[in-house]
Each structure stands twice: as structure tokens, then as C-alpha cells.
Amino acid sequence: VKNSARELSLLPPSGGGPVTLAVARIASIFRVEVPSRMALKGGDKPVGGIEDVLARTQHLVSQGELARAADCLEEGTAGTAAADVCSDWVKAVRARAVAEQTAALIHAHATTLAASLS
């Protein structure tokens, strides 16, 4: 998703012709990846280009903040051709966040039941 998002972030949502695609691919090769710590300067949301969005998203995932990571990537790629590529990942991460919340709720309920029986 990361490499495709880099390429497609340089295209308009409607895509482009073969030359536009080739230029976007070449340009994405020469882009420099931004470390997460640099993407965090200036607040909660990345303000730069796709590299800032990807770095911030990666940082949020590493912190276990899946729902915020999905929001960050979705907002950061909105209005670009990369939004379509990232949408499946965003849906999967949101589903995982819901599953983790459900598991935590079930665990808390089971713990409460066990404590009340003893």
C-alpha cells in the first residue's frame, strides 16, 4: 500500500495517461521517506505530502492506535488516486480495531463475572 500510495498521490483522482503514470512512478522512486519523528512536528495531523501521511500512519500503527491510523491515511490521501489503493487497508484496519475493542469488552465482562462469583 505504501509504495502504491506514493505513486498515486502524484496523480489526480481521475488518473492520467501513460506518460503521467510513468512520470509519477519515476518521481516516487526519488522521494525521500520521512521518519515518524519528523512527521509528528506541528501537531497530531501531518501537514506535508504523502511521505508525512505515511510516516504518521506508520507511527500510529506502531502505537496501537489503529482507528486514528486509518483516519490519518484516509484524510491524507483524499482527493488523490491513492485514496482507492488505500481504501481496502483503511477498511481492514478499522475492522481490526473493532475486533480488538470487542475482545477487550468480552474480556472485561468475563473478568467481572469471575470476580462476582468468587
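What span should the 13 residues of helix H4 have at 1.5 Å a residue, and how far apart are its end C-alpha atoms?

**Entry 1. Helix H4**

I am working from a predicted model. I took residues 50-62, helix H4, and checked its length: the 13 residues should span 18 Å, and the end C-alpha atoms lie 18 Å apart, which agrees.

**Entry 2. The chain as a whole**

I then looked up the overall make-up. The chain holds six helices and zero strands. Along the sequence I read the pattern α-α-α-α-α-α. Of its 118 residues, 28% count as buried. For contacts with a separation of 6 or more, I noted that 42% come from residues 24 or more positions apart.

**Entry 3. Cover on H4**

Is H4 mostly covered or mostly open? I found it mostly covered, with 10 of its 13 residues buried. I listed the buried ones: Ile50, Glu51, Asp52, Val53, Leu54, Ala55, Arg56, Thr57, His59 and Leu60.

**Entry 4. H4 against H5**

Next I looked at how H4 packs with helix H5, residues 66-77. Two packed helices are described by the angle between their axes and the distance between the axes. For H4 and H5 the angle is about 170° and the axes are 8 Å apart. An angle over 145 degrees counts as roughly antiparallel, and H4 and H5 are therefore roughly antiparallel to each other.

Which residues make the contact? On the H4 side I noted Ile50, Val53, Leu54, Arg56, Thr57, Leu60 and Val61. On the H5 side I noted Leu66, Arg68, Ala69, Cys72, Leu73, Gly76 and Thr77. Sorted by class, the contact of H4 with H5 has nine nonpolar, three polar and two charged residues.

I set the H4 contact list beside the general rule for helices. An α-helix has 3.6 residues a turn, so residues three or four places apart point the same way. Ile50, Val53, Leu54, Thr57, Leu60 and Val61 are among the H4 residues in the contact.

**Entry 5. The loop between H4 and H5**

I moved on to Gly64, which is found in the loop between H4 and H5. Just after H4, Gly64 takes a positive phi of about 80°. Is Gly64 buried or partly exposed? With a relative accessible area of 48%, Gly64 is partly exposed. I then looked up Gly64 and Ala97: they are 33 residues apart along the chain, and 9.1 Å separates their C-alpha atoms.

**Entry 6. Glu100 in H6**

I placed Glu100 in helix H6, residues 82-117. Its relative accessible area is 37%, so Glu100 is partly exposed. Leu66 had already come up on the H5 side of the contact with H4.

**Entry 7. Cysteines**

How many disulfides are there? A disulfide is a covalent bond between the sulfur atoms of two cysteines. With the sulfur cut-off at 2.5 Å, I count zero disulfides. Cys72 has a relative accessible area of 9% and is buried. Cys86, at 1% relative accessibility, counts as buried. I noted that Cys72 is also one of the H5 residues in contact with H4.

Key:
Residues numbered from 1 in each chain as written. Predicted model: local features only at pLDDT ≥ 70, side-chain atom pairs only at ≥ 80, totals over all residues. Heavy atoms only, no water. Helix = DSSP H or I, 4+ residues; strand = E, 2+ residues; numbered from the N terminus. Expected span 1.5 Å × (residues − 1). Buried < 20%, exposed > 50% of the residue type's maximum accessible area, 1.4 Å probe, protein only. Axes fitted to C-alpha atoms, helices over the stretch in contact; angles between N-to-C directions. Parallel < 35°, antiparallel > 145°, perpendicular 65-115°, else oblique. Contact = heavy atoms within 4.5 Å. Nonpolar A, V, L, I, M, F, W, Y, C, P; charged D, E, K, R; others polar.
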